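I opened this notebook to record what I looked up in a two-chain structure. The sequence and structure come before my entries.

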Amino acid sequence: MAENTIYFDYLNLFWFTVLPYLALFTFFLVTIQRYRGKGFTYSSLSSQFLENKMHFWALVPFHYGVLIVLAGHAFGFLFPGQLLQWNSNLLRLYVLEISGFIGGIFTLVGLINIIVRRLTDARTKMVTTGADWFVIGILVFQIGTGLFTAIFHSWGSSWFASSLAPYLWSIVKFNPAVAYVTPLPIMIKLHIIGAFVVILLFPFTRLVHALVVPNPYLWRKPQVVRWNWDRKKIRTPEFKIHK
Amino acid sequence: MRRFTVKRRGTKSASGSVWTIILLLPLFFSSLLSAQVPAEYFKQNCSSCHTIGGGRLTGPDLKNLADRQSRDWLINWMLDPEGVLKSGDPYSAKLQKEARGAVMTRSPGMTRNLAVALLDLIDEESKLDKSQFAGTQISDRPLLPEDIAEGRALFLGTMKLKNGGPSCVGCHTVNSMQGLGGGRLGLNLTRAYARLEGRKGLSAWLVSPPSLVMNPIFKEYPIDEEEVLPLVAFLKNETERDEPENATAMINFLLYGIGGAVVLLVLFDLLWNKRFRAVRQPMVSESYHK
């Protein structure tokens, strides 16, 4: 029995110390190496040209949702004190929690549509790889555990600041304090492990596009593309380009 | 271009560095497993349930512990209380009965060596007239309505804890809370005063919380002794009011979230109503007019 508990401590040590460093070092080394060596593979591999109607209901809710959720996590990590200060008023706490929860639901709705689209649209299905399904799978896992945590282990915005921010900083400072996370409920621990798995996979998948977002598109002037051929004619099967 | 020539070399050195770092990781573990000073450990992990010569809290008074059980039994108990209890040991069953069903938790980082060091400490402290672990002397003055109000403010976070600890409501709720309630990570504290057998037990608990989640936080930002009494007053009041649980809080949170998401999705559809026509056509027609 006593041996079992010690064994369990080593498991915790693996998931919350070894995995984070493995994930972070892989992330930094491989993202840099891939950018230098294979810069042209830094892409979201967009399939918008293949199918555009459902794409809207998949990508737009997903990205708005995930940006809200990630911004919330990042804020809790960088400014835990300010977050607790904001939450010292119950109404503000509720507004923050509901906003984050809506972000989570948006991510889930988007992701469900992504899955449906990639399973039902023939052209999109064609370009979907195993790695894509792996990314989708781990994101479903993250959203599932995250929404569960938001509902059943509230209020995450407060306890993230007091328990997880110190843990994450202890990782950054190379002095891991696993005692902050080991007693937490299993869903939260799975969510943390999933997060490090996402970081680990990041440099090997289409997720890298997050680092090369063409932000100038937000403010540069629109450009009209003009085609030098009959756009309807080239879509007919008889059309040959060298005719 | 340069970036194509470094491709192979880059791959090699990257994976090499990753493995070097993995091999260096065990260095970090050593700092985690290092032993603590027993007195400091006792204060942080044991003193919320045990005194040495100060009477019973949740757990028994440990003065002259060596007279009650053999050292081997005590070490096994400290390493794995649940296991000893499950093995059908009669003395541990008696302890559980005396603690009204509460079982000792396995303290963080407990090892055989640490258990021996703690038992030595308890023996030493038992010889003293007044041990440093005789218990916190929280004032015996009667609890006032102002204490309840102050305790409530500390619980909700409208009044900050002096030493910078996070307020209770982030993880705990009480039944008198309306709306979406308090946190649900930790226990509902409506009956905490009753569970910890009143003022003395609850005070000792608050001075150094043994909960594994709270322990690392409040070790660094302890609840000030002047804040303990108001919190006790507030929680006593909650136990006495003993209101029914606010069952709708979680459902309401869920409904607010889903409702908000639906409203926003409808708004998105309205906002981007012309999304497949709005960009290109006006621009093309405009360029023809020029």
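The entries below go from one chain to the other and then to where they touch.

**Entry 1: conventions.** I noted that this is a predicted model, in which local features need pLDDT of at least 70 and side-chain atom pairs count only at pLDDT 80 or more, while totals for chains, interfaces and linings use all residues. Residues are numbered from 1 along each chain as its sequence is written, and chains are lettered from A and ligands numbered from 1 in the order in which they are written.

**Entry 2: chain A as a whole.** I found eight helices and zero strands in chain A; helices (H or I, at least four residues) and strands (E, at least two) are DSSP runs, numbered from the N terminus. The C-alpha trace of chain A spans about 80 × 45 × 35 Å along its principal axes. Of the 243 residues in chain A, 30% are buried. A residue counts as buried if 20 or more other C-beta atoms lie within 10 Å of its own, as exposed if 12 or fewer do, and as partly exposed in between, with C-beta atoms placed from the backbone.

I then looked up contacts, which are pairs of residues whose C-beta atoms, placed from the backbone, lie within 7 Å. Among contacts in chain A between residues at least 6 apart in sequence, 82% join residues at least 24 apart.

**Entry 3: two helices of chain A.** How do H3(A) and H7(A) cross? The axes of H3 (residues 80-87) and H7 (residues 156-172) of chain A come within 9 Å and cross at roughly 155°. H3(A) is therefore roughly antiparallel to H7(A), a term for angles over 145 degrees. Axes are lines fitted to C-alpha atoms, for helices over the stretch in contact, and angles run from 0 to 180 degrees between N-to-C directions.

On the H3(A) side I listed A:Pro80, A:Leu83, A:Leu84 and A:Asn87, which meet A:Ser157, A:Ser158, A:Ala161 and A:Ala165 in H7(A). By class, this contact of H3(A) with H7(A) has five nonpolar, three polar and no charged residues. Ala, Val, Leu, Ile, Met, Phe, Trp, Tyr, Cys and Pro count as nonpolar, Asp, Glu, Lys and Arg as charged, and the others, Gly among them, as polar.

Entry 4: Most residues other than glycine have a negative phi, and most peptide bonds are trans. A:Trp155 is in the loop between H6 (130-152) and H7 of chain A.

In chain B, B:Glu197 has a positive phi of about 60° and lies in the loop between H10 and H11. B:Glu197 counts as partly exposed because it has 15 C-beta neighbours inside 10 Å.

**Entry 5: helix H13 of chain B.** H13(B) (residues 225-241) has 17 residues and reaches 25 Å from its first C-alpha to its last, close to the 24 Å expected at 1.5 Å a residue; the expected span is 1.5 Å times one less than the number of residues. Its buried residues include B:Val228, B:Leu231 and B:Phe234. The buried residues of H13(B) pack against H9 (145-156), H10 (192-195) and H11 (199-207) of chain B.

Just after H13(B), B:Asp242 takes a positive phi of about 45°. Is B:Asp242 buried or exposed? With 11 C-beta neighbours inside 10 Å, B:Asp242 counts as exposed.

**Entry 6: where the chains touch.** I recorded 55 residues of chain B in contact with 53 residues of chain A. H14(B) gives the most to the side of chain B that touches chain A, with 11 residues.

Key: Two residues are in contact if their C-beta atoms, placed from the backbone, lie within 7 Å. Angles under 35 degrees count as roughly parallel, over 145 as roughly antiparallel, 65 to 115 as roughly perpendicular and the rest as oblique.
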